[in-house]
Amino acid sequence: MNVPLLDLSRQHQALKDELMAAFAKTLDSGRFILGSEVEALEQETARYCQARHGIACASGSDALLLSLMAFGIGPGDEVITSPYSFFATASCIARMGAKAVFADISLRCFNLDPQDVLRKITPRTKAIIPVHLFGQSADMAPCLAVAREKGIKIIEDAAQAIGAEYRGQRVGGIGDVGCLSFFPTKNLGGLGDGGMLVTNDSALAEKLKILRLHGAKTEYNHQWLGINSRLDAIQASFLRIKLRHLDEWTEARQRNASLYIAKITAAGLADAPSGCQGCANPVPSSSGKPIILPAACQSRHVYNQFVIRTVNPSARNALRQFLQDGNIGSRVYYPVSLHQQPCFASWGYRAGDLPNSEAANQTSLALPIFPELTESQITHVVDSLAAFNWNSL
Ligand SMILES: *Cc1c(COP(=O)(O)O)cnc(C)c1O
């Protein structure tokens, strides 16, 4: 049995007639960039995220960059974020000439440890970028409290987490601004690149709309130095069709996660996930079980990825090879922490500075979780985990 890490073809096949009709409509309209389809998507996405405004742009990476531009972050400023994320979470900070100050993650849920964030606040801290990694909200309350007290901006990197909730509230609209990505592998993926900012701040929304148009408030009148970062009408029309299915896809991802947890624990390969015990508590690893399941700490986890850990790096690497030999897709998110990327060497971090992030680099493995996965495919993956020779490691 072949189990790919991700297979978008089934999802797109089911929607093919609708997507083709949307393509024809855009072709005939002659309006290809921004316009009414994009405005409709902005409103629908903002409503979905329980935020007042949506501002579409060219990618999730640009959404992050535009946020920092809007807040005037630049040389001499510090932005606290996670070292265990996609590259764009930190490159936007470098692009603005500011410094990324990395706080460590919790090994339970892979999100920022808020206590480490608090330790790293300085008078130069201008913003915090919590990442809602793998589809689960970061612990926002401690960051929001310190941000309010010190006038620090909160930029949510919600690229992997559209629809996820923190204490009953949708991510994106919790901080000052939220950044979404419509990259095809995200829970709401376009047929190409795309992104969106959501915010409850009307003045900020206006500024972001100007910044994505080269900073031109009116044509040929450039108040700010912006960039060209707009969404195509055709992507908006595709995304509007797909947004109507997002809740049903999210429920399928959650069902798949529950099946993995039930089957992996029933096979004796892992203890039941402990739930949130606080980031600072050590993850139990002495039970003798070879797999550590991801904790669901927050109220609505949308499982963009289902990421397990092994107790040591050699087990992870051998398991990945074993699954690949059996035609089961898996992937390491992320093999290298951001503080160890060569292009950020001038920030002066060293190996060992963020130990939990580095441990996750070496021991994490994402299993297939996409909505259309069948139960027999999940059973096959778990049977393969059980067939792996853990004792040889
Ligand atoms: C995908 C992703 C981004 C960037 O989104 P793009 O649309 O690919 O530019 C940023 N942050 C995280 C955590 C992501 O997963």
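1. Let's start at the ligand. In this predicted model, a polar side-chain atom of Gln160 sits 2.8 Å from an oxygen atom of the ligand. With Gly60 the backbone is involved: one of its N or O atoms lies 2.8 Å from an oxygen atom of the ligand.

2. The ligand has 15 residues around it, and the closest are Gly60, Ser61, Gln160, Ser181 and Lys186.

3. Now for the overall layout. The protein splits into domain 1, covering 8–103 + 110–243, and domain 2, covering 246–392. Taken over C-alpha atoms, their centres are 26 Å apart. Domain 1 brings 48 residues to the contact and domain 2 brings 38.

4. How much area do the two domains bury between them? The figure is about 3500 Å², with 59% of it on carbon and sulfur atoms. On the domain 1 side, have a look at Tyr84, Phe134 and Asn187: they supply 20% of the area that this domain buries against domain 2, more than any other three residues.

5. To find the touching side of domain 1 on your screen, look for α1 (9–14), α5 (88–95), β3 (99–102), β6 (165–166) and α9 (233–243), each of which supplies at least two residues to it. By type, the residues on that side are 25 nonpolar, 13 polar and 10 charged.

Key
Residues numbered from 1 in each chain as written. Predicted model: local features only at pLDDT ≥ 70, side-chain atom pairs only at ≥ 80, totals over all residues. Heavy atoms only, no water. Domains from an automatic or database assignment. Contact = heavy atoms within 4.5 Å. Buried area = accessible area lost by both parts, 1.4 Å probe. Helix = DSSP H or I, 4+ residues; strand = E, 2+ residues; numbered from the N terminus. Nonpolar A, V, L, I, M, F, W, Y, C, P; charged D, E, K, R; others polar. Near = heavy atom within 4 Å. Polar contact = N/O pair within 3.5 Å; in protein donor to acceptor, adjacent residues only side chain to side chain.
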